[in-house]
Amino acid sequence: MAVAELRAAGGALAAPRRRRTRAAASRIGGGLAVLIPILVLSSFITYSLGALSNSNPAATILGQDAATPAAVAHLDQVLGLDKPLIVQYWDWLSQAVRGNLGVSYFTQIPVSQSIAQRLPVDLSIAIGAVILAVLIGGTAGTVAAIRRGGWIDRGVTLACSAVSTLPAFVVGIILVVVFAVGARWLPANGYVGPTAGVGPWLAHIILPSLALALPVAADVARQLRTSLVSVLEQNYITGARVRGLPNRRILIRHGLRNAAGPALTILGNDFPIMLAGAVAAEAVFSLPGLGQLLLEAAQTRDIPVVQGVLLVVSAFVIVINLVVNMALSLLYRSADGVSV
Amino acid sequence: MTRKTRRAPRDPVLRQPSAMTAVAILAIIVFLAIFGSALAPQSPLAIDAGALYKGPSLHHLLGTDYLGRDVLSRLMAGTRLSVLTAFEAVGIGLVIGAPLGVATVFLGRAFDFTANRVADALMTLPSIFFAVAVTAALGNGLVQAMFPVGILLVPVFFRVTRAATLEFSRAQYVEAAELLGGSKLHVIRVHVLRKVMPTMAVTTAQAAAGALLAVSFLTFLGIGVQPPTPTWGGVLSSDLDYLNLAPWAPFIPGALIAITVGALNALADAYRDRAGAGELRSPVTDPVIKTHSTLQPLEAADDRQPAA
């Protein structure tokens, strides 16, 4: 780690700016080249999941009385279910790329429309959670690293271990009990869109966001503390002190900038966990989000909805990962990225 | 390494107080998983309309739920299903992922590349979403629901094993053993696998903690079980509907889940601490998609991770 930081710092001094930019660009291009096969593979897993299920959609749609073998065969043909799996997959994917994820077997509502309706709920709490996780985790980790060995450091470490043991849905329930049932400061459940007013919207998303953010904040704080402690021991920090730079500048420009990489990676890696947490938050706070849509669809075996939700969610995970990697390579501008 | 030094009289890890506590807690949980339903003081399904939302008392040690059922009995009876299905997921991940992780180091670049891309793709599927989707396809059951969780643990085991194997297979003593005429299988078994084992132990404990959380969460969502069947997550979710009447109730199943998961994590930490910083890789610090991993030779793709 320390060696890698020095190497990154040394490389940044030696290499001309243009070469560094080109290195970052090739890294991003390489990322995209890897991205496409991964997207194809995970979408194929998603699609074959529904196609390989033992459910018989045509019979389900027609109902028990109307499901004569001829009618089932006809509907299979209309739905394209009689074609080979790979052809079905290709049809589905080429439509999905254009934003058409098919229609629900039961409600006939386009899947993309249902998803578009639900997505803002999850995005609101997820973005809120990222902001809270960075604020809480970043502050706690930085303070713990500066006051290393002190009671604040021990308190932060203890709180982090406690919080990361608790699953998001238990954290959510504790928050509901404390803030909504006990203190009655905030609503215990439901969702109000931002169009109905920013105040009520924030009041409804703050508890779910906090429930999602706390376990991630604990991870971020622990990682940031570890790397900041080792960065602050480096010679260039001593050098900056000797040159008489103000403490704040040393901490932000020299310390945090070099120590933030691993914490940012953790934040990116925790994104799938946050999505799972969003399902938990939806369940605890009765929010009409993607998780609830998926649960309802799974109960009725509404395969197009299940496939659509899974595709959108995994696409999000892939893109977020790419964005995190790009942010890291731009932040450090080194040819081999950041060795975290 | 001779057999004598490997078999220490007692594992030094287990002498640490935190590890001892963790093992004791896990022993109790395993005991409950085997004998819990037989030892439950009352029937986990018996409804008592005269004792709804009662707090802990001598008759009901952990109180009663919204139907007057004994919470302690329900949690004891629910342990087996939670623990068994968590084992199922970890078992699938370990049995498929670990051998693949070892094999990929020795089977050549093409295999390694393919396996890594499949692992990348699997890791983009969020486990809870995937588990719910699989129950839609394969039918609503906890065994079906935990199958995909196990499949998604495969890349975790795969990557950790691969990284550890890669590291140890480049060691000089491995080269020496090969030069001395050891067969490839012998060298892998004696000189590589034995070194990879502690890493596997840590990952298994972490994966078990994750799987147990997934079980609790799936049962909390009502996936895989019919309502009267007692599960940890089910008790939690039914308590949630009556928060105004019994705000303390969810803390009992919540604490049970947290203590068990915490014990598994503490055990993993104890093993990791003994192995020393940098010796073991945590799957958490391994980037999900390494965008640069395919552009560089195999050796350079795996930088050392800092200790979390």
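User: In which hand does H6(A) cross H7(A)?

Analyst: This is a predicted model. In it, the crossing of H6(A) past H7(A) is left-handed. Helix H6 of chain A covers residues 111-146, and helix H7 of chain A covers residues 151-165.

User: At what angle do H6 and H7 of chain A pack?

Analyst: The angle is about 140°, and the axes lie 8 Å apart. Angles over 145 degrees would count as roughly antiparallel, so H6(A) and H7(A) are oblique to each other.

User: Which residues make the contact between H6(A) and H7(A)?

Analyst: H6(A) supplies Ala140(A), Val143(A) and Ala144(A), while H7(A) supplies Ile152(A), Asp153(A), Val156(A) and Thr157(A). By kind, five of the contact residues are nonpolar, one is polar and one is charged.

User: Which residues does Ala133(B) touch?

Analyst: Leaving out residues up to four places away in sequence, Ala133(B) touches Leu49(A), Leu294(A), Ala298(A), Val306(A) and Leu310(A).

User: How many helices and strands does chain B have?

Analyst: Chain B has 10 helices and zero strands. Of its 308 residues, 48% count as buried. Among chain B contacts between residues at least 6 apart in sequence, 72% join residues at least 24 apart.

How values were computed. Residues numbered from 1 in each chain as written. Chains lettered and ligands numbered in written order. Predicted model: local features only at pLDDT ≥ 70, side-chain atom pairs only at ≥ 80, totals over all residues. Helix = DSSP H or I, 4+ residues; strand = E, 2+ residues; numbered from the N terminus. Buried ≥ 20, exposed ≤ 12 C-beta atoms within 10 Å, placed from the backbone. Contact = placed C-beta atoms within 7 Å. Axes fitted to C-alpha atoms, helices over the stretch in contact; angles between N-to-C directions. Parallel < 35°, antiparallel > 145°, perpendicular 65-115°, else oblique. Left-handed = near helix turned anticlockwise from the far one by under 90°. Nonpolar A, V, L, I, M, F, W, Y, C, P; charged D, E, K, R; others polar.
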